[in-house]
Amino acid sequence: MLQDIPREDVLAKIDTFVEELLRAAGVQQPPVDAIQLAQRHLGMIVCLDRRQSQRGRAQRTGGRPQIYLKPEPTEERHQWTVAHEIGEHLKVRLLERLGIDPHETRAMAGESLANLFAHHLLVPTCWFAADAPHLGYDVLELKQRYPTASHEVLALRMLDLPEPAIITIVDNDHIARRRSNAWRVRKELEPVERQCQRYVNHHSRPKVLREGGWTVQGWPVHQADWKREILRSVVEMDVP
């Protein structure tokens with residue numbers, strides 16, 4: 001069963017699978033264009049379907065796998081949907097790599113295998129593990145190098161790296177996601193985190209704050225009627 005395999009082992013298998021896929025497709029550096037990968041390397045058909053309500057669905061048409069996309073306001077969402085559907089398309093092969101019966105596909109720790117695959121396909125560990133520290137874990141700088149991945153995906157992928165961190169996604173002043181790969185964290189922000197978030201929210205520009213053993217990086221992802229702030233926090237002592 002998937003949930004019985006340590007997460008680190010699952011991610012390692014996904015990383016190896018993604019590296020092999022990209023190598024076979026001749027993709028040697030970011031960005032990864034999931035739509036081109038699906039069409040040119042995997043022989044899948046990708047098209048828009050304005051009638052459907054879900055982001056994407058896949059079926060076989062004339063013997064070829066076909067992905068139907070709902071029109072989205074950003075290209076990133078299309079890239080994510082196609083990456084996810086590639087994961088679904090290749091899931092049996094990936095499960096075999098993990099030594100799992102393909103019929104046993106229950107989610108692991110709340111995440112589907114296709115979701116994990118999509119994260120690692122758009123932001124491959126083979127490049128990201130070096131790029132993230134080289135660019136100071138700066139989400140906006142990393143977005144320039146990985147334009148097909150969303151800011152949120154890039155931030156959350158930092159939790160798969162060995163460097164301890166807390167990643168927080170704040171949407172319209174409400175915490176949407178808050179996770180750490182090292183520390184137990186409270187749901188609410190620490191004072192220095194809240195100070196950083198408020199600055200980024202108000203000024204719509206990045207900020208770094210250091211206080212009381214904390215280092216907090218904050219970035220704006222703002223639209224006309226919607227504001228998201230992403231925080232990466234590192235603390236020198238255990239979070240109480």
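Predicted model: local features only at pLDDT ≥ 70, side-chain atom pairs only at ≥ 80, totals over all residues.

**Entry: β4 and β8.** I looked at how β4 meets β8 and found the two strands running antiparallel, joined by 6 bridges. I then checked who faces whom here, and D171 stands opposite R228 in β8.

**Entry: β7 and β8.** I turned to strand β7, residues 214–223, which pairs with β8 in the antiparallel sense over 10 bridges. The two strands form a hairpin, with 2 residues between them. I picked out a couple of facing residues. W219 sits opposite I230 in β8, and the bridge partner of V216 in β8 is S233.

**Entry: the whole sheet.** What is the strand order of the open sheet? I read it off as β5-β4-β8-β7-β6, which makes 5 strands with antiparallel pairing. The edges are β5 and β6 (207–211), since each of these pairs on one side only. From one strand to the next, the twist averages 15°.

**Entry: what lies on the sheet.** I looked for a helix against these strands and found α9, residues 191–203. Helix α9 lies across β4 (166–171), β5, β6, β7 and β8, and runs at about 30° to β7. I also asked how much of β8 is covered: 7 of its 10 residues are buried, so I jotted it down as mostly covered.

**Entry: charges around E152.** I went back to R228, this time for its side chain. R228 and E152 meet in a salt bridge, 3.1 Å from N to O. R228 belongs to strand β8 (residues 226–235) and E152 to helix α8, so this pair ties together parts that are 76 residues apart in sequence. Is R228 buried or exposed? R228 counts as buried, at 15% relative accessibility, because the cut-off for buried is under 20%.

E152 has another partner. The salt bridge between E152 and R177 has its closest N and O atoms 3.5 Å apart. This pair also links distant parts of the chain: E152 is in helix α8 (residues 151–157), R177 is in strand β5 (residues 174–180), and 25 residues separate them. I compared the cover on both ends. E152 is buried with a relative accessible area of 18%, whereas R177 is partly exposed at 32%.

I then traced the shared partners, and salt bridges join E152, D171, R177 and R228 into one network. The idea behind it is simple enough: side chains of opposite charge can pair when their charged atoms come close.

**Entry: other salt bridges.** How many salt bridges does the structure hold? I noted 11. One of them joins K91 and E88, whose closest N and O atoms are 3.0 Å apart. E88 is partly exposed, with a relative accessible area of 32%.

**Entry: helix α5.** Next I looked at the helix covering residues 113–122, which is α5. Of its 10 residues, 9 are buried, so the rest of the structure largely encloses this helix. I listed the buried ones: L113, A114, L116, F117, A118, H119, H120, L121 and L122. What covers them? The cover includes α1 (7–25), α2 (34–41), α3 (75–89), α4 (91–97), α6 (125–134) and α8.

**Entry: cysteines.** I searched for disulfides and found 0 in the structure. C126 is partly exposed, with a relative accessible area of 35%, while C196 is buried at 0%.

**Entry: stepping back.** Last, I wrote down the overall tallies. The protein has 9 helices and 8 strands. Of its 240 residues, 47% are buried. I looked at contacts between residues at least 6 apart in sequence, and 51% of these join residues at least 24 apart.

Methods
Residues numbered from 1 in each chain as written. Heavy atoms only, no water. Disulfide = S-S within 2.5 Å. Buried < 20%, exposed > 50% of the residue type's maximum accessible area, 1.4 Å probe, protein only. Helix = DSSP H or I, 4+ residues; strand = E, 2+ residues; numbered from the N terminus. Contact = heavy atoms within 4.5 Å. Salt bridge = Lys/Arg side-chain N within 4 Å of Asp/Glu carboxyl O. Pairing = 2+ DSSP bridges. Axes fitted to C-alpha atoms, helices over the stretch in contact; angles between N-to-C directions.
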